[in-house]
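Hello,

Here is the structure I promised to pass on. Please open it first, then read the notes below.

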Amino acid sequence: MMITSSDNFIKNFILKLLAFFAVTFIADRAIGQLLKRYYFKQESGYDYLTTYSIKKASADIMVFGSSRAVNIFNTEIFEEKLGVTCYNAGRYGEPVFYHYAVLKTVLKRGTPKLAILSMDAGNFSNNPEAYDRITALLPYYQEHPEIRPVVELKGPYEKLKMLSNIYPYNSLILPIITGNSEYSKKKYLHIKGFIPLKRIFDGPLRTFDYSKEKDLDTVKINAYRSFITDCIHAKVQLFIICSPYMINAIGTDRSIREAKKIAQEYNIKFLDYSQDSSYTTRPELFADYRHLNEDGVKAFNNTIIDQISIEK
Amino acid sequence: MGFDLMANFKRPIFAKSTGEFWKRWHISLSTGSKIICISLCGSKGTRNRTFINIMVVFTISGLWHGANWTYIIWGGINGFYLVFAMLTKTIRDRFNQFIGLTRFPRVQLFWQIFITFMLITFSRVFFRARTFDDAILVIKKMMTFKGSIFNDGVAILIYSFFAIGFLLAVEFKKEFYKGSFTLSQHKNFWVRNSYYSLLVILIILLGVFDGGQFIYFQF
């Protein structure tokens, strides 16, 4: 059989393509391993706190939520008043998917006595950015199969993308470098996950018109339901708490109403302080319109601790 | 396909004067503006008439971008740059000679590019701002050391510098060192191959796959 020049061309092309894939694959593995090593070596910063929450955190009380959990639930006050251990596993800007994923890893390791889920206005709103924020969980995808269904909500090709060792650390070079630095240790101070805010709200007072109904995202609602049912199955006492907002609200946020309704279905205690006048008339207790400051946290934490009784 | 399209941008960042900048930036629009200018006063109009026409053309060019005072001011500033440059050319040339800048052509080149870039960037404050007040606020903030240099976090600042530096290096090479980028056309197959792989790796490492990546979330 004669070998033509076109056969040679195809053979050459395939060999070159294979060589390209081989070089790319090896580089991806090597660089990915390096990034992984230094990602998990971090001792401070938001990614470090996530790693701690997912891999190690274990306490009688576990707090979940976004910045309104991180900045508002003071672990020290809970420990002192209730005589138990407490850890705040919240992360800035994260939606309910993240909280649910972290809960799953916590439940895989053990069973806290009590879980607090911080609820925000607009938690169930249609917002594509919420899916983007699942990115924070990518580095844990391989070693934590329990969070994979949550990570895969990010997009239809997530499984495929995760074949790369580098992809989970996309855009994380700088956070990895700073997370391994002394500077970061001084900058990201926390008390078992709680980060206090010292500033005082100086306005202006914003008006939120909740009377205009917005569509809700059923995927987020399902994640919220799953959070509740997983706690019930694991026999973890659950409190869902909506801390105060320093706003002029017209009506009640639809997400909060829906969350309250679902909590009632499962007989879960829902403490709604979102429009509590004992806070909303006192700007000195707020750092900004969404977050209580240190003084506000003291007052608010004491109020809710009075309503919490841990079942033995 | 038989179409011969004109180049619309020719590395304007390396322009040595605002006049040259407009020969390199949005060339199709600049050519159109030049035609308007010539049709207004002919190619041999008086000096004063030329100045007036430049101002008219740049004001119209501002309006062409949008019906807002900020665009008109932007156009006015750029027109003023050209008029000022023409009026002061002799004085500036003499001054450069006097301080000895002309004896160091590379330093002079860098200086001219730097000044042009600063002038153009300043005028763009008005182009970019939503209102005149916003533009004034931006300019005021330029003059103060109070407040954070970049509110969206250090990570974005560093990534931006990295990306700008990379693009600048490419433009710099094209402007001052003509010829192909050798790594992609290197004779050695493995060098070429590794270069292509590096590009793929960089895309996976730094590319934006969704809104959640690259952007540093604060809250």
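Start with helix α1 of chain A, residues 5–39. Its 35 residues reach 50 Å from first C-alpha to last, close to the 51 Å expected at 1.5 Å a residue. That expected span is 1.5 Å times one less than the number of residues. Helices here are DSSP runs of H or I with at least four residues, strands are runs of E with at least two, and both are numbered from the N terminus.

A note on the source. This is a predicted model, in which local features need pLDDT of at least 70, side-chain atom pairs count only at pLDDT 80 or more, and totals for chains, interfaces and linings use all residues. Residues are numbered from 1 along each chain as its sequence is written, while chains are lettered from A and ligands numbered from 1 in the order in which they are written.

Back to α1(A). A:Thr24, A:Asp28, A:Leu35 and A:Tyr39 are buried there. Buried means 20 or more other C-beta atoms within 10 Å of the residue's own; exposed means 12 or fewer, partly exposed is in between, and C-beta atoms are placed from the backbone. The buried residues of α1(A) pack against α2 (46–55) and α9 (173–179) of chain A, and also against α8 (189–206) of chain B.

Chain A as a whole has 14 helices and 7 strands. Its C-alpha atoms fill a box of roughly 90 × 45 × 45 Å along the principal axes. Of its 312 residues, 41% are buried. Among contacts in chain A with a separation of 6 or more, 82% join residues 24 or more positions apart. A contact needs two C-beta atoms, placed from the backbone, within 7 Å.

Next, A:Leu103, in helix α5 (residues 96–109) of chain A. Why does A:Leu103 count as buried? Because it has 26 C-beta neighbours inside 10 Å. Beyond its neighbours within four places in sequence, A:Leu103 is in contact with A:Phe64, A:Ala115, A:Phe227 and A:Asp230. A:Ser53 is 50 residues away from A:Leu103 in sequence, with the two C-alpha atoms 9.0 Å apart.

One helix pair is worth a look. The axes of α11 (residues 218–233) and α12 (residues 254–265) of chain A come within 11 Å and cross at roughly 35°. Axes are lines fitted to C-alpha atoms, for helices over the stretch in contact, and angles run from 0 to 180 degrees between N-to-C directions. From α11(A), A:Ile221, A:Tyr224, A:Arg225 and A:Ile228 meet A:Glu258, A:Ala259 and A:Ile262 of α12(A).

Most residues other than glycine have a negative phi. A:Ser171 has a positive phi of about 65°. A:Ser171 sits in the loop between α8 (158–161) and α9 of chain A. With 19 C-beta neighbours inside 10 Å, A:Ser171 is partly exposed. B:His26 has a positive phi too, near 40°. The loop between α1 (18–24) and α2 of chain B holds B:His26.

Finally, confidence. The model scores ipTM 0.82 and pTM 0.75. Mean pLDDT (the predictor's confidence in each residue, from 0 to 100) is 84 for chain B, and 87% of its residues reach 70 or more. In chain B, confidence is lowest in α2 (residues 27–41), at a mean of 76, and highest in α5 (residues 105–128), at 95. Residues 212–219 of chain B stay under 50.

Best wishes
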